[in-house]
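Please keep the sequence and the model in view while reading.

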Amino acid sequence: MRRLSVRSQGMISHGRLRRALPAVLGLATAAVLVVPGPGSSAATASEGLDCQSSPDNAFALTANAGYVTTPDGNSIYMWSYASDGGSFQLPGPSLCVDSGAKVTVTLRNTLPEATSIMFPGQKQVLADGQPAQPVTDSAGTLTSMTSTAGATGGSVTYTFTAGSPGTYLYQSGTDVQKQQQMGLFGALVVRPAGHPDQENDRPDSRFSASHEYLYMLSEVDPDAHLAVERKRPFDWSTYKARYFMINGRSMPDTISPNHAAWLPSQPYGSLIHIRPFDPASNPQPALIRYLNAGTVSYPFHPHGSDEQLISRDGHPAQGPNGQDLSFSNFLVDVPPGQTADTLMTWRDAENWNAKTNPIPVQLPQLQDQIVGPGTETWFSESPYLGSTGADLPAGVVQNNQCGEYYHVAHSHALQQSTNYGASFGGMMTLIRIDPPAGCPAQ
Ligand SMILES: [Cu+2]
């Protein structure tokens, strides 16, 4: 039996969302069932940042077309970068390199128009050995911000020396409004050389290497994609995003594991799966890398625990003399084209335990725990870490396995937490917190 215990811990009061939480999790039910199960308290290959790395820091990407699915059953034509020889995926592979590494990225273009890759934040990028340059057409109009690979089979090779440690976008520099909307973006993670367990060169940026996560935030106007698919013009003044994604997926697909078989072109999940801080067994925080590949700011709000913002755009939050200027917040506002990295530690403040420390709490009224037939209770009946073995209402089958529970994390612009207007979905995922001892098999 699994009990899904949920709370909307009061960093801020947002009753509307609190009341809607059970509905969110109702939607999420099917996917929750496939979250890696007993014994997986640490991130596994099926969770967290899925890095693509290369011994010689050489990567080959193919710009190609494919389809993604949305939780409401839509199928959307996209363009993106695939690993060379690999199938279409959104977003492009997460490329991981060390600061100072000589990086080579060869782009092969199968799209019907020229495309390119920009590496914002990286200096002195070369294209086929020459400085990467803006491209203009015969009339002198700018068509690309960087050197391109020609339509239908063209290629270009970019080289650069990886700059400061941090998180960066890579994305199309060609017909940017259209091509970035179509999905031509991915993440470049630059690690401090010799310190893979630090976000940057500062020792206080250390994190738990098995709890590293990526949130690639983006949005989709399906009408624009349909126009491109059918080779029709699109009036960008009518642009209106309808789908909002983390790592190319919308809630509840966001909480499915990496490489879920039913999401063949959307390989990256965004479930965060952690345990409470413990100085002996779990001393390091999780690291979350946020990137905005969309057109507006996404005010991202993790519930249940503030996050410590330690870096933006590859710059540590520090003063001119290295003073620590990182700060704790419950809102991580990520503007378009930018990145922000945070550390998160979840503390089991009162060490509740059903047997040894049963702190009494006022339970909510039953009507506040139930959303309707089939979903039954989603509330843990306690604001503390869940317990097992409790008596459950007849017919309840969705219950946690080891006392873990879940917070939501989502864009606080709530229209971005929908799937084509249907709440809740979109740019939303879950934070799973296992009991201090982990999640043993039941
Ligand atoms: Cu919220």
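Is Cys96 buried or exposed? Cys96 is buried, with a relative accessible area of 7%; buried means under 20% relative accessible area, exposed over 50%, and partly exposed in between, with a 1.4 Å probe and protein chains only. The model is predicted, so local features need pLDDT of at least 70 and side-chain atom pairs count only at pLDDT 80 or more, whereas totals for chains, interfaces and linings use all residues. Residues are numbered from 1 along each chain as its sequence is written, and side-chain values use heavy atoms, with hydrogens and water left out.

The partner of Cys96 is Cys51, to which a disulfide joins it with an S to S distance of 1.8 Å; a disulfide is taken as a pair of cysteine sulfur atoms within 2.5 Å. By this rule the count comes to one disulfide. The link of Cys51 and Cys96 is left-handed, with -70° about the S-S bond. Because Cys51 lies in strand 2 (residues 51-52) and Cys96 in strand 5 (residues 94-98), the pair ties together parts that are 45 residues apart in sequence. Cys51 counts as partly exposed, at 31% relative accessibility.

The protein chain holds three helices and 27 strands; helices (H or I, at least four residues) and strands (E, at least two) are DSSP runs, numbered from the N terminus. Of its 442 residues, 54% are buried. Among contacts in the protein chain with a separation of 6 or more, 73% come from residues 24 or more positions apart, where contact means heavy atoms within 4.5 Å.

Six strands form an open sheet of mixed pairing, in the order 4-3-6-11-7-8; two strands pair if DSSP finds at least two bridges between them. Strand 4 (75-83) and strand 8 (130-131) are the edge strands, each pairing on one side only. Helix 3 (residues 222-229) packs on this sheet and touches strand 3 (58-69) and strand 4, its direction making about 75° with that of strand 4. Axes here are lines fitted to C-alpha atoms, for helices over the stretch in contact, and angles run from 0 to 180 degrees between N-to-C directions.

Strand 3 and strand 4 run antiparallel and are joined by nine bridges, one of which pairs Tyr67 with Tyr77 in strand 4. The two strands form a hairpin with five residues between them, and Gly73 in the turn has a positive phi of about 95°. Strand 3 also runs parallel to strand 6 (residues 102-109), with six bridges joining them; Thr62 stands opposite Arg108 in strand 6. Further along the order, strand 7 (residues 126-127) and strand 11 (residues 155-161) pair in the antiparallel sense over two bridges, and Leu126 stands opposite Thr159 in strand 11.

Arg432, in strand 27 (residues 428-433), is buried, with a relative accessible area of 0%. Its side chain makes a polar contact of 2.8 Å with that of Asp434; a polar contact is a pair of N or O atoms within 3.5 Å, and within protein one must be able to donate a hydrogen and the other to accept it, with residues adjacent in sequence counting only if both atoms are side-chain atoms. Asp204 lies in the loop between strand 13 (185-191) and strand 14 (212-220) and is partly exposed, with a relative accessible area of 41%.
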